[in-house]
Amino acid sequence: MIELEDITKVYRTGSQALEALRNVSVRIGRGEFVSVMGPSGSGKSTLMNIIGCLDTPTAGTYLLDGDKVAGLSFDELAAVRNRKIGFVFQNFNLLPYATAWENVELPMLFDGKNGKARRQRVTELLNAVGLFDWREHRPSELSGGQQQRISLARALANDPPILLADEPTGNLDSKSGEEIMAILTELWRGGRTIVMVTHNDHIAAHSERIIRLFDGQVQD
Amino acid sequence: MNLTLPRFFWSEYRKRRKRTSLITFALFWGTLSILLLMAFGQGMTTQFRVAFSGLGETLIMVYGGQTSLPYEGLPKGRQISLFPEDVDYLKDRIPEILRIAPESYGYLPVSAEGKEINRTVHGTTAEFGLMRTQVPQLGGRFINPDDVTEGRKVAFIGWKVATDLFGSADAVGRTIVVNRVPFTVVGVLQKKIQDSMYQGPDADQIYLPFHAFRQLDNRRRINQIHIQPREASQSLLIESRVKTLLGRKYRFDPADRYATSFWNTIEDAKEGQAIFKGIEIFLGIIGALTLLIGAVGVTNLMYAAAKERTKEIGVKLAIGARRRTIVGQFFLETVFVFAKGTFWGFVAAFNIVHLIRLAPINYESFGIEAYLLRPEFSLRIFVAYVAVLSVLCFLSGIFPALRASRANPIESLRYE
């Protein structure tokens with residue numbers, strides 16, 4: 001499903017070059033639940049950005065579902081992010097002006113889905129995360145846990161096979177964090193591939209496998 | 001076309017629109033300025049034409065003169081006069097003439113119902129009325145061909161003459177005495193604005209059938225001949241033919257500039273219209289510059305929004321927005337901002353123009369207000385305005401939108 005081969009990512013700022021990832025090779029199979037761990041600056045976010053098609057590697061090949069990602073244009077990458085990948089961020093990244101409903105609906109709008117299909121799916125997702133009654137509220141009127149559940153619903157809008165979660169519980173109290181982990185575990189059991197960045201061993205324990213990064217390299 | 005995204009953009013815009021109120025005002029003001037200035041410009045041009053047509057549209061007046069060149073053994077300094085038979089002489093020989101009329105006049109005593117005044121009294125034919133915009137008030141008429149051939153004692157009088165002699169009473173059917181000869185009033189001139197004249201405004205004139213007038217004034221020669229060409233573009237051609245024909249008849253050099261003289265209103269009107277057209281364009285440019293200030297405000301606002309909303313753009317890109325979606329949103333928001341401001345500006349301008357047009361014009365003393373109080377809208381103004389607006393809207397929207405769409409999703413997501 002996700003195959004990274006000898007991935008290197010170099011950031012250049014003026015004359016300085018920073019190697020964020022060095023010859024990283026990772027394979028994540030369909031339906032796996034994988035945690036990515038490592039200290040700050042170890043390249044976790046860079047790896048996630050590359051897997052999430054938000055960034056492209058400097059060298060190496062990335063095959064997503066057997067297709068090369070390297071040659072895709074900006075808009076083709078956008079389409080991949082829209083349909084194949086759902087993002088859950090540490091700080092939720094909901095649109096502040098939009099209601100819960102609108103936030104969940106947005107990926108489907110970008111995909112051009114019709115009104116009936118959207119209404120059906122948003123209703124289903126908001127019910128699934130238990131926030132249908134909060135659909136007209138804006139993010140600022142919701143608790144952190146509620147916001148993260150909305151963000152999860154949004155990530156699932158186009159029913160992507162892959163979920164990328166960047167410290168999904170990092171800004172939540174332990175109870176809300178457990179709720180989110182319960183939903184993620186449920187989704188994984190339903191057959192979805194989940195890749196999660198975390199600092200927390202307890203949270204990582206929910207996953208099947210842990211990839212540890214240090215100084216831009218995978219530690220065996 | 002899928003209207004779902006524009007609808008979402010609209011709902012996002014509505015939540016932010018408070019921020020746009022000052023800019024909306026600038027656009028409102030710009031629209032008001034450009035439309036009012038153009039409406040006043042066009043109104044002035046129209047009023048100029050109306051005032052000019054008070055004398056007569058597409059009219060050439062021919063006068064006699066004095067030769068300044070010797071010709072065929074004759075000395076210079078000879079008087080050249082026009083005579084009634086010249087009218088048919090010219091009409092028979094110049095096919096481009098549509099209408100032609102002789103005119104003689106004299107300053108004569110006129111009395112009615114115990115009042116006596118002195119006015120310029122004219123003798124002419126029915127065609128004069130058509131050429132010189134002599135429109136009668138309801139219930140009256142101008143001199144007709146039978147009046148002329150039968151030498152009827154009838155008169156067509158200016159509205160001021162009617163007031164001077166009869167007050168507010170209806171003058172038609174009443175008798176006026178011109179130089180001790182009674183005439184029946186058959187029509188009173190309708191009020192009109194007139195900026196060009198000889199012998200004073202038509203409001204003060206009295207017109208009699210040509211032959212009837214000649215019984216009061218026994219000169220053989222006439223004062224002038226009025227000619228209307230079939231096509232306005234033929235006016236200079238007609239002038240030169242008249243010179244040639246009269247030169248042959250009265251034996252003067254057709255190139256002699258002083259033997260006859262012409263008042264060619266067609267050429268005058270062209271000049272006047274060019275001046276007013278210039279003023280109109282100038283006013284339009286000032287208006288467009290005012291609107292430009294509003295447009296710069298919008299650009300500034302959208303640039304600020306593009307920066308302020310970096311994170312939002314990042315989120316949208318992360319969940320699958322394409323570049324054109326981001327460009328589209330910023331562009332549409334620009335259109336929304338423009339639409340709001342300009343709509344109200346349009347409504348205000350339309351109403352102001354309408355209100356100003358309600359103001360009455362004083363026909364007795366035709367002044368500057370006659371030009372200023374009749375602003376008008378036209379399709380041309382609307383098209384010009386929409387063109388300027390579209391260009392400004394496009395330019396103000398496109399650069400911020402492109403900037404927003406060039407955002408890097410990762411950096412945008414990190415932006416706080």
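In which helix of chain A does A:Ser45 lie? I looked this up in the predicted model and found A:Ser45 in helix H1, which covers residues 44–51.

**Entry on the nonpolar cores.** I noted that the largest nonpolar core has 107 residues. Within this core, the residues with the most contacts are A:Val36, A:Val104, A:Leu164 and B:Met38. Its largest share, 13 residues, is contributed by helix H2 of chain B, residues 21–53. I then recorded a second, separate core of 32 residues, with B:Ile143, B:Ala171, B:Val188 and B:Phe213 among them.

**Entry on A:Leu164.** I listed the contacts of A:Leu164, setting aside neighbours within four places in sequence. They are A:Met48, A:Ile51, A:Gly52, A:Ile85, A:Phe87 and A:Val195.

**Entry on the sheet of chain A.** I traced an open sheet of four strands in the order S2-S1-S4-S5, with antiparallel pairing. Strand S2 (16–28) and strand S5 (67–68) each have a single partner strand, so one side of each lacks a neighbour in the sheet. Between strand S1 (residues 2–13) and strand S4 (residues 59–64) I found five bridges in the antiparallel sense. For A:Leu4, I identified A:Tyr62 in S4 of chain A as the bridge partner.

Terms used: Residues are numbered from 1 along each chain as its sequence is written. Chains are lettered from A and ligands numbered from 1 in the order in which they are written. This is a predicted model: local features need pLDDT of at least 70, side-chain atom pairs count only at pLDDT 80 or more; totals for chains, interfaces and linings use all residues. A nonpolar core is a set of buried Ala, Val, Leu, Ile, Met, Phe, Trp, Tyr and Cys residues joined through C-beta atoms within 7 Å. A residue is buried if 20 or more other C-beta atoms lie within 10 Å of its own, exposed if 12 or fewer, and partly exposed in between; C-beta atoms are placed from the backbone. Helices (H or I, at least four residues) and strands (E, at least two) are DSSP runs, numbered from the N terminus. Two residues are in contact if their C-beta atoms, placed from the backbone, lie within 7 Å. Two strands pair if DSSP finds at least two bridges between them.
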